[in-house]
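Have a look at the picture first, then read on.

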Amino acid sequence: MEVFIYVLVSTLSLLIDGILLVMTITAILSWFPAGSDSKFQRVMFAIVEPIVMPMRVLFARMGWFQGLPIDMSFMATCLVLVLLQFALSFVRIV
């Protein structure tokens with residue numbers, strides 16, 4: 001059972017690392033709007049958007065951070081993923 005939990009936590013940790021990497025690349029690519037029609041950028045957007053969308057809907061429904069030039073839902077999603085990664089690091093120890 002310990003091996004199963006270790007494999008599960010390690011897989012989740014790698015998945016979160018990958019998502020955070022793709023989110024970072026997407027954030028950097030958003031600074032350069034000239035290549036916004038590239039296939040690479042569309043793939044990155046297709047990966048990131050389903051992950052960020054629940055936070056966007058929550059913020060819109062609550063009326064939080066409306067009209068800001070910074071996408072706070074993107075930043076909040078990153079924060080949640082980092083906190084989840086941190087929590088998973090404690091599971092590995094046990």
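Is phenylalanine 90 buried or partly exposed? Phenylalanine 90 turns out to be partly exposed, with a relative accessible area of 47%. Keep in mind as you read that this is a predicted model.

**Aromatic rings**

Let's stay with the rings for a bit. A pair of aromatic rings is described by the distance of the centres and the angle of the planes. Searching the whole structure turns up three aromatic pairs. Two of them are set out here, starting with phenylalanine 59 and phenylalanine 65.

| Pair | Centre to centre | Angle between planes | Arrangement |
|---|---|---|---|
| Phenylalanine 59 and phenylalanine 65 | 5.2 Å | 55° | tilted |
| Phenylalanine 86 and phenylalanine 90 | 4.9 Å | 85° | edge-to-face |

How far apart along helix 3 are phenylalanine 86 and phenylalanine 90? They sit four residues apart in helix 3 (residues 72-93), so about one helical turn separates them. Phenylalanine 86 counts as exposed, because its relative accessibility is 51% and the exposed class begins over 50%.

Phenylalanine 59 is buried, at a relative accessible area of 11%, while phenylalanine 65 is partly exposed at 42%. Both belong to one aromatic cluster, together with Trp64. You'll find phenylalanine 65 in the loop between helix 2 (39-62) and helix 3. There's a backbone detail to spot there too: phi of phenylalanine 65 is near 55°, a positive value in a residue other than glycine.

**Charged partners**

Now for some charges. Side chains of opposite charge can pair when their charged atoms come close. How many salt bridges does a search of the whole structure find? The search finds two. In one, glutamate 49 pairs with arginine 56, and their closest N and O atoms are 2.3 Å apart. In another, arginine 56 meets aspartate 71, at 2.4 Å from N to O. This second pair links distant parts of the chain: arginine 56 is in helix 2, aspartate 71 is in the loop between helix 2 and helix 3, and they are 15 residues apart. Put together, Glu49, Arg56 and Asp71 are linked in a network of salt bridges.

**The largest pocket**

Arg56 and Asp71 show up again when you look for pockets. The largest pocket holds about 270 Å³ of space. It is lined by 14 residues, and the closest to its centre are Ala27, Ser30, Arg56, Asp71 and Phe74. Helix 1, helix 2 and helix 3 are the elements that give two or more residues to the lining. Which helix gives the largest share of that lining? Helix 2 does, with six residues.

**A nonpolar patch**

Last stop: the surface. Met1, Phe4, Ile5, Leu8, Leu12, Leu15 and Val91 make a nonpolar surface patch of about 700 Å². Helix 1 (residues 2-29) supplies the largest share of the patch, five residues. Leucine 15 is one of the patch residues, and its place is in helix 1.

Definitions and conventions. Residues are numbered from 1 along each chain as its sequence is written. This is a predicted model: local features need pLDDT of at least 70, side-chain atom pairs count only at pLDDT 80 or more; totals for chains, interfaces and linings use all residues. Side-chain values use heavy atoms; hydrogens and water are left out. Patches are made of residues with over 30% relative accessible area and no salt bridge: like charges are joined within 9 Å, nonpolar side chains (Val, Leu, Ile, Met, Phe, Trp, Tyr) within 5 Å. Accessible areas come from the Shrake-Rupley method with a 1.4 Å probe; for residues, only the protein chains shown count as cover. A salt bridge is a side-chain nitrogen of Lys or Arg within 4 Å of a carboxyl oxygen of Asp or Glu. Rings of Phe, Tyr and Trp (its six-membered ring) pair if their centres lie within 6.5 Å; planes under 30 degrees apart count as stacked, over 60 as edge-to-face and the rest as tilted. Buried means under 20% relative accessible area, exposed over 50%, partly exposed in between (1.4 Å probe, protein chains only). On a 1 Å grid over the protein atoms alone, a cavity is a set of points where a 1.4 Å probe fits but cannot get out, and a pocket is an open set with protein on both sides within 12 Å along at least five of seven lines; lining residues have an atom within 4 Å of a point. Grid points are joined across faces, edges and corners, and a volume is the space filled by probe spheres set on the points.
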